[in-house]
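Dear colleague,

Please find the structure below, handed over for your study.

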4 protein chains.
Amino acid sequence: MKQEDSPGTDPGKGGPRRPRRHDPARRTRVLDATLGVLVSDGAAGITHRKVAARADVPLGSVTYHFASLAELRAAAFARYVALRTEEFAAAFAEVRDRPGLLDALVAQVREATERRRSAVLGFELHLAALRDPGLRALTEEWTAASRAVLARFTGAVTASRLDALLEGLILRALLATTPEPEEETRAALSGVLGLPA
Amino acid sequence: MKQEDSPGTDPGKGGPRRPRRHDPARRTRVLDATLGVLVSDGAAGITHRKVAARADVPLGSVTYHFASLAELRAAAFARYVALRTEEFAAAFAEVRDRPGLLDALVAQVREATERRRSAVLGFELHLAALRDPGLRALTEEWTAASRAVLARFTGAVTASRLDALLEGLILRALLATTPEPEEETRAALSGVLGLPA
Amino acid sequence: MKQEDSPGTDPGKGGPRRPRRHDPARRTRVLDATLGVLVSDGAAGITHRKVAARADVPLGSVTYHFASLAELRAAAFARYVALRTEEFAAAFAEVRDRPGLLDALVAQVREATERRRSAVLGFELHLAALRDPGLRALTEEWTAASRAVLARFTGAVTASRLDALLEGLILRALLATTPEPEEETRAALSGVLGLPA
Amino acid sequence: MKQEDSPGTDPGKGGPRRPRRHDPARRTRVLDATLGVLVSDGAAGITHRKVAARADVPLGSVTYHFASLAELRAAAFARYVALRTEEFAAAFAEVRDRPGLLDALVAQVREATERRRSAVLGFELHLAALRDPGLRALTEEWTAASRAVLARFTGAVTASRLDALLEGLILRALLATTPEPEEETRAALSGVLGLPA
DNA sequence: AATGAATGAGTGTTCATTCAT
DNA sequence: TATGAATGAACACTCATTCAT
């Protein structure tokens, strides 16, 4: 909270100093840092200072690239949706039939508990959008993209049901202290898919 | 340490003054005010000041009854679960058969969009519990209570699926800009219940 | 910060409950607790709550027995002086000659570093009296009593010098990270006493 | 987040308004204000607000330059030691022989009662260091510097005794309601110096 | 006589934002 | 273009004190 020494000198304590100028990836690095803060501290825990520290950029750099906290938050959520949508599509890219689809869906639930990070971000976005209609477009886009991935195998109606159930299953899985057996997850999804349990 | 106005006088700005001592229901009123703030501003938006203003009690009264914000938040969530559990049970009290159950479930989704308040509180609790394991006991208790209500009609396994699907459907319904037709909701739930769509 | 259960019941968690009425030693217990807080947190760190907790009496009991914090502080200092004066006199009660006096004085310095508590209290009183003339009478009384003890062996003038040097030596001893050898302490006091080093 | 008055206008209540930006000496002014508060109210009486008011800077400026109160306090004490050490050295700069040294020492005691300010600061530092080992380095540095000044005339051993006695004499002088005659002070110091009284 | 609920001023600290450089 | 000093509102929390019981 005070720069005692001139920048560029004293490479000594506390990590690399900052001779950084011209840093084209900075915007992206700031957004990734923002997602990190979002996971740790929630949407309301995002502050310019925390983001700047995590991205290792000067405080002024954050306010320079993003006019307000709200803009920063929205941009970070948008980046999350872009990343997550791609990831989701990739998870189903190799799927060829219904049993394969079921496997992939079950894996989604399992992986959510293994890497809470992404799931927490998703719920943060949901809750933020519940309050801020400005984010609603983003959540709809996301939902539509997810359904489109699933609809390739099932048709729109079933895709929609699957998607809702998936959401509910992931939330339950994240909150459970004793995890449900994977067979039950599989059976629940099978039912909606019209497959034998 | 500085008495700006004599008590009882100056009803001028900002509403009625406060001759209130001895107020046994105060704790509860503070909790209800906290739930109100929670709905408006989210878990991180809870502040002693907002709660005090909404409950029409002095600031010190909030900190007196709840040693910390975390304690206040936890107590408010606990009150929500108690209220919501009772409400949920009541909604299924008159149900006698599977078609009746289906009606009641569909009504839950419909009502969530009509009275966002309670649904938002539920998701706030979920997200808070995702970060704070201390709240996990409360969410588990809540989930168990909800499943118990449903299990009366369906058995434990189906109740669990219904509960997860219900959660997902409600979230989707709350976030949708164009609401899904109620028939689709009904059909999705019917599938899990094993009823003809 | 809230008494959930009726007093007298629940002897369970957190130490003995409080069936205490009629407690004639309470005033004294409160004062001793105040001295404890004084040592830990300094004169400005005294609060009704800390004192009440340490004395295991209800908050109201402290304000009941002592009309204000200042009164409580003054009473605690007075108790300290009474205790310390007696202790000091006792330390010299068996002294019969100058060499014995020297030994006793050196012991005072040594013991100050061993039991910082009393020394810290003494300096707290000095500093408080520096600001609050109302405490000056107490410090003078204390100084006079100390000098009187020493004067029994040395006459008033030397007693006064000894007392001042003792104060300085104790302060230095308390603050030194590497303690001075006891021989040096002995030599310094010897000089004032007119004894061969 | 709320601009009550436009900057530069309203010179009305409470002194001149603040168009002050760019103020490189601000850190030092804040430290001097802190020493002022320290003298008036003691170490525990230091608050950001009192310091800000005394330095005539906004509250945020104090917290900006000093990350915590403890840091502010430590920096203020360090500044005091620097100033006081220089002053002490200056007081003995012209001393050429033992009688001159005695005069200078007696003057130190006399001046302490005349300008209590500095003496009080010294005792505040002692007491603070008694509790906070982090300040011990500062007090040791100070003691070493003082002894070094005196040792120029007397050798290390006598310097140490003189220093301790000086401390005790000053404390007694500050607390006495009826001041001791200067001759007694002189005699006490003479004894340690090995000069004829 | 004794208690603890109640109150609101005051604390340290964090922060979004502005702006001179 | 980019930075960080600067500002004041807001925050959680502590507290001396008052007062109804």
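The residues of the surface near DNA strand F comprise 10 nonpolar, 13 polar and 14 charged ones. Here Ala, Val, Leu, Ile, Met, Phe, Trp, Tyr, Cys and Pro count as nonpolar, Asp, Glu, Lys and Arg as charged, and the others, Gly among them, as polar.

Please note that this is a predicted model, in which local features need pLDDT of at least 70 and side-chain atom pairs count only at pLDDT 80 or more, whereas totals for chains, interfaces and linings use all residues. Residues are numbered from 1 along each chain as its sequence is written, chains are lettered from A and ligands numbered from 1 in the order in which they are written, and side-chain values use heavy atoms, with hydrogens and water left out.

DNA strand F

In total, 37 residues surround DNA strand F, and the closest are A:Pro58, B:Leu69, D:Arg26, D:Tyr64 and D:His65. A residue is near a strand if one of its heavy atoms lies within 4 Å of it. Of the atoms of DNA strand F within 4 Å of the protein, 68% belong to sugar or phosphate, and the rest belong to bases.

Several helices take part; helices are DSSP runs (H or I, at least four residues), numbered from the N terminus. At least two residues of this surface come from each of the following: helix H3 (59-65) of chain A, helix H2 (48-55) and helix H3 (59-65) of chain B, H2 of chain C, and H3 of chain D. H3(D) gives the most, with 4 residues.

A polar side-chain atom of B:Arg49 lies 3.0 Å from a base nitrogen of DNA strand F, and for C:Arg49 the corresponding distance to a base nitrogen is 2.7 Å.

Chain A and chain B

The contact (heavy atoms within 4.5 Å) takes 39 residues from chain A and 39 residues from chain B. About 3300 Å² is buried between these chains, with carbon and sulfur atoms giving 57% of it. Buried area is the accessible area (1.4 Å probe) that two parts lose on being put together, summed over both.

How many salt bridges are found across the interface of chain A and chain B? There are 10, a salt bridge being a side-chain nitrogen of Lys or Arg within 4 Å of a carboxyl oxygen of Asp or Glu. One of the salt bridges joins the side chains of B:Glu167 and A:Arg172 (2.9 Å, N to O). On the side of chain A that touches chain B, helices H1 (26-41), H6 (116-131), H7 (136-154), H8 (156-175) and H9 (182-193) of chain A each supply at least two residues. H8(A) provides the largest share, 13 residues. By class, this side has 18 nonpolar, 8 polar and 13 charged residues.

Individual residues

C:Asp56 has a positive phi of about 55° although it is not a glycine. Most residues other than glycine have a negative phi. C:Asp56 lies in the loop between helix H2 (48-55) and helix H3 (59-65) of chain C. With 27% relative accessibility, C:Asp56 counts as partly exposed; buried means under 20% relative accessible area, exposed over 50%, and partly exposed in between (1.4 Å probe, protein chains only).

C:Ser146, in helix H7 (residues 136-154) of chain C, is buried at 8%. Leaving aside neighbours within four places in sequence, C:Ser146 is in contact with C:Phe88 and C:Asp163.

Yours sincerely

Notes: Polar contact = N/O pair within 3.5 Å; in protein donor to acceptor, adjacent residues only side chain to side chain.
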